[in-house]
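Welcome to a short tour of this structure. Please keep the sequence and the 3D view side by side as you read.

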Amino acid sequence: MSAIRLRVNGKELTANDVDPNTPLLWVLRDTLGLVGTKFGCGMALCGACTVLADGAPIRACSTPVSAVSGQAITTIEGLAGKDKLHPLQQAWIDHDVPQCGYCQAGQLMSAAALLERTPKPTDADIDAAMAGNICRCGTYQRIRAAIHTAAGKLTQRKA
Amino acid sequence: MNALVNPAADSDATLRDLMLDIERGTPVATLRAVKLDRRSFLKLTGMAGGGLALGFFVGSDAAAASISPGDFAPNAFLRISRKGSILIYSKGPEIGQGIKTAFPLIIAEELDARWSDVTVEQAPVNPAVYGRQSAGGSRSIPDSWDQLRRAGAVARSMLVSAAAASWQVPAEECTTRDSAVWHGKKSLGYGALVTRAAALPVPDAAAVRLKERSEYRLLGKSYTGVDNRQVVTGAPLFGIDQTLPGMKIAVYERCPAVGGKVRGANLDEVKRLPGVRDAFVIEGNGKTTEIMPGVAIVADNTWAAFEARKKLKMDWDESAASKDSWAELVKSATELGKHPTGAQTLANIGSVDQALEGAARTAAGFYTYPFVSHAPLEPQNCTAWAHDGIVEFWAPSQTADRALETVAGALGVPVAQIKIHQTRVGGGFGRRLMNDYVCEAGAIAQRFNAPVKLVWTREQDMAQDFFRPGGFHSLTGGVDAQGKLIAWRNHFVTFTHDGKVPSSGSNWSEQELPAQNVPNYQLSQSMLPIKTPTGPWRAPRSCSVAWVIQSFLHELSAAAGRDHRDFLLEVMGEPRLLQGGLDTGRAAGVIKLATEKAGWGKKLPEGHGLGLAFHFSHAGHFAEVAEVSVDRNRKIRLHRMVVAGDIGPIVNMSGAKNQCEGGVVDGFSTMLGLAISMENGRIEQSNFHQYPILRLANHPQVETYFIESDNPPTGVGEPALPPVAPAICNAIYAAIGHRVRTLPLTKEGFSI
């Protein structure tokens, strides 16, 4: 057991009494109370636990917390700006994407990482970036549309 | 402890009853008539003293802030504050079907509320007040439509009376819109009328005037889900997100072969593991729907609990456990299927043998489909806390109303001592109609002096399911010289838990097509004994038999060399209502609409094909046309799926289309590559690498069209799914001339 220092959503945090092998997911959910990141499979197969580590999407269920100490972790709770939703979150609402909603935090984090790298993604870019995320309800068509909408808004803003 | 002679059969009987109840839309047997009075509302929500006693749901604080004891609350479904904010309680579980948006829309329509004035909260679980609080059988809308409309209309009529009195004009001269009462150019907002309305007697809910459809302002348009903002910001909505002070995490280990009992376990060793607080045996009552025997481990956090479970060494007594083998079942079924008829004849109309002898063309085929799992993305979990003489639950259940009695029975406590909070549910698909994980959580909480959250691993969730049963059909059919369907014979090989009747979800409905549409029809059945639990899976029965029926109809139209659309319309015949609720006129309507929108008959590139299928289930008429391409290596692509449905008027257009899009993806995903198999009673698939749910790159473009007939509205969570598999297989046949008779498609060498 040890104390692990983490940077989560811009805050410096210390998780006390944590086994360094504990997956990041359970430190987020059980220790830090950030339950927006979801448990789906425990094997990095479904993507429900996707968070960003230094901007790259990782599966928190299969990443030991010790491996990301010192990296900037962004979870779904930290995706929005101070007073404004991330354009992806707004697009998700506008397209009424969620059904049960359980996978959507992970979908959003994968999509956010995609738009960071590729502000104007093609359908093929979206296929590749979202390949690690399962939506059991089958909202893929709306996820794709919402990513295109958000990308349009982002590039408009930057132009 | 119940001494059950045959626990597996007993559990299956419970499941069959559950399915019948759900499909008939029967409320829980102990229900009283719903009372729409203010006193029960205040008692129910603890509002009399001010403040909301709903506990846990995110958003309740914000809503409570705008609510005060002087509000207008004519019934348990809504309250209006003096500031004009409108709080509507959604009574049923939100499992992804969008009911938390649809229910309040129905109330708001009759209330003539402005949608932006409305806040929605999950209602407390109290079936004595709310009636049915289950999500299943696509029954939420049809069962609640009248109740919810009247709840809104009662409030509206009182607000009108209040305004009329204050203006001293006849109530009949007043109108309502946008959360206000109008008389000529005068208007009073609902907030300003609260005090006066609250003092009026509540009118008889059965006597209030309801709107005509032409008067609707809200229904039929598109609305984003009321929880969407919380979903996309990661708010703690789901069962698994619940946290209580001092809460511990539990895991529960059951025998991998259903029916096994605990002989022993290394409990002392497990108790010494880091973070573990306790470990103990629970004998259970042997019912898969309640508590199977096992070992509970309670730990400080989820990881400690999961790690401890890995170190658990179980000694199971498997003398009465399942030995089911899918490979053996397939062998037996294939052998039985060689006989044209089975041991039990279920229906015999005309003379199939004579008709087949005289037929111009015949077709025959043996169809096989596998068991499948529900695999909701949120694994089963439940938080329970035994305190102050009650057991309190935070349960992601599809049947919170039923859970009260089930859990009370399983735990041996009076129903009055069970309290259940409904959380948002991370996927139902029928899995959470059963409350086994709720019972388990309760049994663990009873042994532990703190709140406990039981969390299943994905592997447990996949293994401990009530599976959609597989099945086998040996079919023969014939058409006459004009290509008209004249004979249909089906020997259905299915499963049984008690040796007498088919297992839950594996029975045949006597009204299925084409029983009432062909002059010579014979249906017989053979049953193979199993112990693997089965149960309702999205569109139970329909999700598998529609594939068989609609594929074989296509075999016959192909044998006759006919256009399948014409053939299917001919099978439907003159517009009339068949037993079971299928309206052949509505069926023809959606068949014509789907084919028209899909460009039926258009010229397609080499290797492409269109496939048409229809199915009626859950009161919904759905026809779908798939456009598929298949290459030389049997790599397929589902390019497009046109869905045409008739479920009466639409409540939320966005929500309804979302359900159809999801139904198509679920149907495709399942028929393409999903199968559950068992050996020596053990489920062979453990996680998504062996149960490959479709991913984003392969979703089809889904186009949905509704015929908004004047029939009463019905549900849409299920009926869009059954036509998917046959539409795709019929399209594959159109593309390459290969008839798929075994699912999933990967078994016949197809891939994406």
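Helices (H or I, at least four residues) and strands (E, at least two) are DSSP runs, numbered from the N terminus. H4(B) is mostly covered, with 13 of its 13 residues buried. Here a residue is buried if 20 or more other C-beta atoms lie within 10 Å of its own, exposed if 12 or fewer, and partly exposed in between, with C-beta atoms placed from the backbone. Just after H4(B) comes Asp112(B), which takes a positive phi of about 60 degrees.

A word on the model and its numbering. This is a predicted model, in which local features need pLDDT of at least 70 and side-chain atom pairs count only at pLDDT 80 or more, while totals for chains, interfaces and linings use all residues. Residues are numbered from 1 along each chain as its sequence is written, and chains are lettered from A and ligands numbered from 1 in the order in which they are written.

Next, let us visit a sheet in chain B. Five strands form an open sheet with mixed pairing, in the order E13-E21-E20-E19-E14. Its edge strands, E13 (344-349) and E14 (361-369) of chain B, each pair on one side only. Two strands pair if DSSP finds at least two bridges between them. E20(B) and strand E21 (residues 520-529) of chain B pair in the parallel sense over 10 bridges, and Arg489(B) stands opposite Gln522(B) in E21(B).

Two residues of chain B make a handy pair to look up. Is Ile486(B) buried or exposed? Ile486(B) counts as buried because it has 24 C-beta neighbours inside 10 Å. Asp315(B) counts as exposed because it has 9 C-beta neighbours inside 10 Å. Their places in the chain are in strand E20 (residues 485-496) for Ile486(B) and in strand E12 (residues 314-317) for Asp315(B). The table gives a C-alpha separation for each.

| Residue pair | Apart in sequence | C-alpha to C-alpha |
|---|---|---|
| Ile486(B) and Gly350(B) | 136 residues | 9.9 Å |
| Asp315(B) and Gly264(B) | 51 residues | 5.0 Å |

Two residues are in contact if their C-beta atoms, placed from the backbone, lie within 7 Å. Leaving aside neighbours within four places in sequence, Ile486(B) is in contact with residues including Ala355(B), Val479(B) and Pro519(B). Asp315(B), not counting residues up to four places away in sequence, touches Arg263(B), Gly264(B) and Ala265(B).

Now to where the chains meet. In chain B, 45 residues are in contact with 46 residues of chain A. The largest share of the side of chain B that touches chain A comes from H19(B), with six residues. By class, that side of chain B has 18 nonpolar, 19 polar and eight charged residues. Ala, Val, Leu, Ile, Met, Phe, Trp, Tyr, Cys and Pro count as nonpolar, Asp, Glu, Lys and Arg as charged, and the others, Gly among them, as polar.

Finally, chain A is divided into domain 1 (2-78) and domain 2 (87-158), with bounds that come from an automatic or database domain assignment. The C-alpha centres of these two domains of chain A lie 21 Å apart. Their contact takes 14 residues from domain 1 and 13 residues from domain 2 of chain A.
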